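I am opening my notebook on this structure and will write down what I looked up, entry by entry.

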Amino acid sequence: MSRIRRLSIRGIRNFGDEKEEALIRFSRPLTLILGPNGTGKTTIIEALKFATCGEFPPGSDRGKSFIHDPTLSTTSSVRGVIRAEIIDVVGNIYTICRTIESTKANVTRFKTLDSALSRVNKDTKEVISITNRCTNVDTELTLAMGVSKPILDYVIFCHQEDLSWPFQDGKKLKERFDEIFDSAKFNKALENIMKLIKDLKQRVNILKEQKQNYQLIVNEVIDKETKLEDNKKRLENSKIKIEEFNKELEPVIQKIKKLEKIDVEYKDLQSEQKRKKAEYDMFKQQLDNLKKDLQNIFEDTTEKLLKEIESYDEELIGKINEIDEFKKKLRDITEKESTISNKLANERVTNGSLRQQIKDHEKKIILRNQILNESLSSWNLNIVDSNVSELEVIAFTKRLQEKMRELEHKLEENKIKREEEEKELQKTVDTLRDKYLKLDTEKNLKENEIIETRKEIDKIKLDIMQLSAESNKLNFIESKLQKVQIRIQQLNDAIDVDTMKKEIDDKIKIRNEMDTLLNTIDEEITLLLKQSSLQTELELNKSALVIKEKEIEKLKKKHEEKIISLLDIKDLSQIKLKNNFDMVQKELINEIESINQKIRTEEHQIATLETTISHIEHELQNKKKEINLNKEKISLICSYKNFDEVLLLQSKKVKDLQDKRGMFAHQSAAYKEYMKQLRNTNPCCPLCHRGFDKIETITTLLKEMETEIENHPNRLKECEKELKEQQEKYDKMLQLKPIVERIIQLEEIELEKLTSNLEKFKNKLNESRTTAIELKTKNLILKKN
């Protein structure tokens with residue numbers, strides 16, 4: 001345990017001035033500090049705290065009131081020095097020196113100059129010094145002392161003001177205890193250790209699994225190597241046999257090569273014979289053909305024959321020329337034909353495009369009429385018919401334009417009015433905003449002035465309080481100074497200086513001798529303390545040994561029969577039980593470890609099976625949810641089971657409605673044409689071309705047709721509306737077709753597969769759980785035994 005041997009104080013509170021140092025020696029095992037109030041007992045504790053921790057006492061204004069006041073000194077600055085000598089557990093001497101300074105000027109300035117720590121080695125007497133510039137002296141000193149800073153602060157050198165612990169405030173109390181016992185570091189270290197243990201366990205499990213896998217791979221490799229060696233031997237034997245066979249086959253191969261050459265020559269001769277025979281047959285056939293073709297054999301001289309051939313050649317050339325002329329004419333005709341066909345095709349294309357343009361123009365006219373009717377109805381004007389002329393349309397558009405201009409004019413007037421109103425409102429808002437800003441700035445200025453005046457008042461109050469305290473201190477110090485001066489004068493008159501110096505030197509010598517004696521006594525005390533502690537330990541060990549022997553005898557008597565049956569021995573006193581117990585214990589531990597290993601593997605398997613089961617169940621739930629959602633979507637339209645039939649019926653409905661709409665679209669034009677034909681003189685039926693007996697039948701037929709034409713637009717709209725609804729339904733059903741297929745797939749394939757997998761894994765889980773329970777019961781039985 002480390003201890004403080006000496007403490008010297010200078011320029012601190014009521015201890016000495018710049019020239020004198022107050023030296024305090026701490027004796028062992030205990031030092032009592034006694035004295036009346038104001039003599040400096042608390043200052044010694046504060047100085048020790050400052051020396052060891054580097055912290056100023058509370059209520060000292062960060063050390064300003066801890067040092068002598070420079071305003072009362074003759075010099076411009078005052079220094080305070082605290083030096084402490086500490087001996088650590090090993091016996092090394094540490095000397096800490098801390099210096100603070102206060103200077104007087106317009107404002108008193110306070111600063112900590114430096115902190116120096118020196119160490120004297122016990123054996124080598126080597127001195128090592130460090131300062132705050134190179135390292136943190138406080139941490140080095142606390143490490144050397146072997147005591148943490150919170151213990152020094154809150155326990156050993158606790159100030160009077162900090163004696164009362166915050167028992168009511170649990171948070172602060174916990175923080176203080178955490179600082180003292182350094183529980184935050186302990187907790188962090190514990191967490192790190194737990195994490196490391198967990199990681200190591202995981203790594204060990206992984207390595208074990210890897211080891212097992214690698215062992216399997218090694219076994220496979222060994223098997224494969226043995227197989228490979230066998231195959232190599234077999235291969236070598238087969239190579240030797242092949243070489244022997246090759247040697248035996250060499251003469252046979254040479255014979256075969258000779259026979260192959262002979263065979264090739266024979267085949268060449270055969271092919272040559274066949275070729276010659278084919279040429280002969282061909283020439284013979286040509287000769288026979290020529291004989292057949294020649295009807296009249298020329299039986300005259302060769303000269304005449306040549307003349308005949310020449311005349312035939314001339315005729316042939318003439319015929320060829322005629323054929324060329326005919327071919328040229330044919331080419332011209334084909335070119336003309338192609339140009340005409342191209343023109344005809346272009347004309348057809350233009351005709352088709354013009355027809356399409358006419359249709360588009362008709363549609364545009366219908367759309368224009370609709371828009372015109374909508375605009376006229378919005379302006380409460382008469383609606384136009386479908387057979388309206390272009391002049392009427394132009395007239396209506398002009399009227400609409402005039403109406404629009406009037407409306408725009410009104411809008412512009414309203415806009416101007418609104419803008420003027422907005423401008424006036426903006427002006428009022430701006431004026432109000434300016435007023436608000438002025439008032440806000442004035443308010444802020446006034447508030448700041450009030451705060452500043454309050455601060456100044458507080459400062460003045462503090463200055464007055466300090467001045468009153470300082471004046472009280474000055475009066476007290478002046479009275480003390482007067483008393484001291486009178487005492488000094490009396491002593492100067494009464495004492496001889498030389499004799500006093502001699503006495504001081506003698507006393508210093510005596511003090512040094514006493515210090516050496518005290519050091520030797522301290523060393524002797526430490527040795528005695530060690531000896532006494534060792535003696536007490538020895539006595540305790542002896543008593544503990546006697547107690548243990550008695551306990552062993554009791555245990556032997558109690559468990560004699562069990563031990564004899566377990567170890568298979570006759571007498572306990574003759575045999576050392578430890579070796580036998582160790583052997584049995586090792587066997588049991590090995591068996592328990594093997595069982596634990598099996599339990600761990602089973603638990604690992606259980607965990608994996610549980611995770612897979614939960615995953616499969618989750619997947620099943622998701623699939624079922626998906627099926628239900630898809631069924632809900634489909635149920636709005638139809639059942640998913642007869643979906644294809646409903647889809648076919650819906651497509652038929654849509655086709656029927658499209659045909660119906662086409663019929664309605666062309667019905668009005670056909671009726672108008674029929675009515676034109678019926679209004680002619682001596683009309684007949686436009687379909688069957690039969691005449692009418694009476695005029696009344698024609699008039700009734702015309703009326704019926706007119707009523708049909710009047711009702712036609714409504715029917716067409718209803719048909720189009722129904723077609724749109726049915727088409728939308730059909731489109732929705734087409735969109736839902738893949739969903740229906742997905743439902744069927746899920747219900748028929750995936751759900752069955754998942755349920756079967758789930759049942760398999762559940763059976764495996766039950767088996768592994770039963771095995772794990774059996775192993776655990778076996779393990780418990782072994783542990784009990």
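I began with strand 4 and strand 5, which pair in the antiparallel sense over eleven bridges; strands here are DSSP runs (E, at least two residues), and helices are DSSP runs too (H or I, at least four), both numbered from the N terminus. Two strands pair if DSSP finds at least two bridges between them. Within this pairing I looked up Ile96, and its bridge partner in strand 5 is Leu117.

Before going further I noted that this is a predicted model, in which local features need pLDDT of at least 70 and side-chain atom pairs count only at pLDDT 80 or more, while totals for chains, interfaces and linings use all residues. I also noted that residues are numbered from 1 along each chain as its sequence is written, and that side-chain values use heavy atoms, with hydrogens and water left out.

Next I turned to Glu101, which lies in strand 4, residues 93–103. Is Glu101 buried or exposed? Glu101 counts as buried because its relative accessibility is 11%, where buried means under 20% relative accessible area, exposed over 50%, and partly exposed in between (1.4 Å probe, protein chains only). Setting aside neighbours within four places in sequence, I found Glu101 in contact (heavy atoms within 4.5 Å) with Ile67, Ser77, Val78, Arg79, Arg109, Phe110, Lys111 and Leu113.

I then followed strand 5 (residues 109–120) to strand 6 (residues 127–131), and these two run antiparallel, joined by five bridges. Ala116 stands opposite Thr131 in strand 6. Strand 5 and strand 6 form a hairpin with six residues between them, and in the turn Lys125 has a positive phi of about 60°.

Stepping back, I placed these strands in an open sheet of six strands, with antiparallel pairing and the order 2-1-3-4-5-6. Strand 2 (22–25) and strand 6 are the edge strands, each pairing on one side only.

My next entry concerns Leu474, whose place is in helix 7, residues 390–494. Leu474 counts as partly exposed because its relative accessibility is 35%.

Finally I looked up figures for the protein, which has twelve helices and six strands. Of its 785 residues, buried ones make up 18%. Among contacts between residues at least 6 apart in sequence, 60% join residues at least 24 apart. The protein exposes about 63700 Å², with carbon and sulfur atoms supplying 56% of it; accessible areas come from the Shrake-Rupley method with a 1.4 Å probe, and for residues only the protein chains shown count as cover.
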